[in-house]
Amino acid sequence: MDMDELYQKIDLGLRDLVIGKRIYHYNKIKSTQLLAISLAETNINTEHGTVIVADEQDEGIGRGKKKWASPRGGLWMSLIIKPKIDFAKINMISVISAISVCEAINDISQLKTFIKWPNDVLINEKKLAGILIDTNINNNKNDYIIIGIGINIDVDISKINLSIASNNIITTRATSIHNETKSKNIDRFILMKQLLRKIDFYLSLLENDRYHKKIIEIYKKLSNIVGKRIIIYHESLKKYSGIVKDIDNGGGLILERDDKLLEIIYSGEITIREQNDK
Ligand code: BTN
């Protein structure tokens, strides 16, 4: 297998952490997510915390089986994790991943990004990063969760927007850190290091019940959605609209639908509307 262990090239200084102890770096592959899944399935080289990162992906995958444009200049990586948490808390992996990506970008770039529920990271209504979670949980030894993260650092945005326009009905325009900060050069590996530290930190909080509420509080603050009017879509079809009353303990939206029924939503794409805008 053509794998470079990044550790032999640059020291990310993550030896004290579980997440990122082993990092496989590729110049170009189809998709870090596909490789992570196939490794996890065979259970070879899949220690908890293993990271696969590529400079470029030929067939990057986004949520809902959409294409994810992944030219050079972005951070494209997948993490294999096997956390010691209850099945009921699995959705929290998406929550802590979103918090980690958002905070790591803000720390390194000084931007003020926020989370678009459930786990996109946006700035000025444009998408800067996305997260894709694949799980195989059957309560056996081979259970795994793959967290795929894509961050547009210094990529050609026109190319990315073209690709979004061709395969998305609900469009959120893309942007990059470079586009938003102009002058600043962000080192991909410094951002990656900060991100892995965050994920390591929030995973350890998640494994400890005492911090559950705190995590939800942080998520609420960064997503700033409570009180907003939203429209929710499933597979690009409008399901319903309503007002977000709160975020529940699992990161789900408590929605008061227009017909006044309360519903908790864990997945789907949303658009946020002004209060009176139907
Ligand atoms: C989204 O649709 O918002 C999720 C995008 C996830 C993209 C990342 S890039 C690294 C990993 N490998 C993939 O093929 N996809 C994820």
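This is a predicted model: local features need pLDDT of at least 70, side-chain atom pairs count only at pLDDT 80 or more; totals for chains, interfaces and linings use all residues.
1. S267 and H234 lie 33 residues apart in sequence, yet their C-alpha atoms are 8.0 Å apart in space. S267 itself belongs to the loop that runs between β12 (262–265) and β13 (269–273). With a relative accessible area of 39%, S267 is partly exposed.

2. Next, have a look at helix α2 (residues 32–42), where T32, Q33, L35, A36, L39 and A40 are buried. These residues cover an arc of only 165° around the axis, so they sit on the same side of α2. Among the elements covering the buried residues of α2 are β2 (23–29), β3 (50–57), β4 (74–81), β7 (126–136) and β8 (144–152).

3. At its start, a side-chain oxygen of S31 comes to within 3.1 Å of the backbone nitrogen of Q33. Just after the helix, N43 has a positive phi of about 65°.

4. On one side of the story is β6 (residues 120–123), which pairs with β7 in the antiparallel sense over three bridges. I123 has K126 in β7 as its bridge partner. The hairpin of these strands has two residues between them, and N124 there takes a positive phi near 45°.

5. β7 also pairs with β8, again in the antiparallel sense, over eight bridges. In this pairing, T135 stands opposite I145 of β8.

Key. Residues are numbered from 1 along each chain as its sequence is written. Side-chain values use heavy atoms; hydrogens and water are left out. Helices (H or I, at least four residues) and strands (E, at least two) are DSSP runs, numbered from the N terminus. Buried means under 20% relative accessible area, exposed over 50%, partly exposed in between (1.4 Å probe, protein chains only). The arc is that of the directions from the helix axis to the C-beta atoms. Contact means heavy atoms within 4.5 Å. A polar contact is a pair of N or O atoms within 3.5 Å; within protein, one must be able to donate a hydrogen and the other to accept it, and residues adjacent in sequence count only if both atoms are side-chain atoms. Two strands pair if DSSP finds at least two bridges between them.
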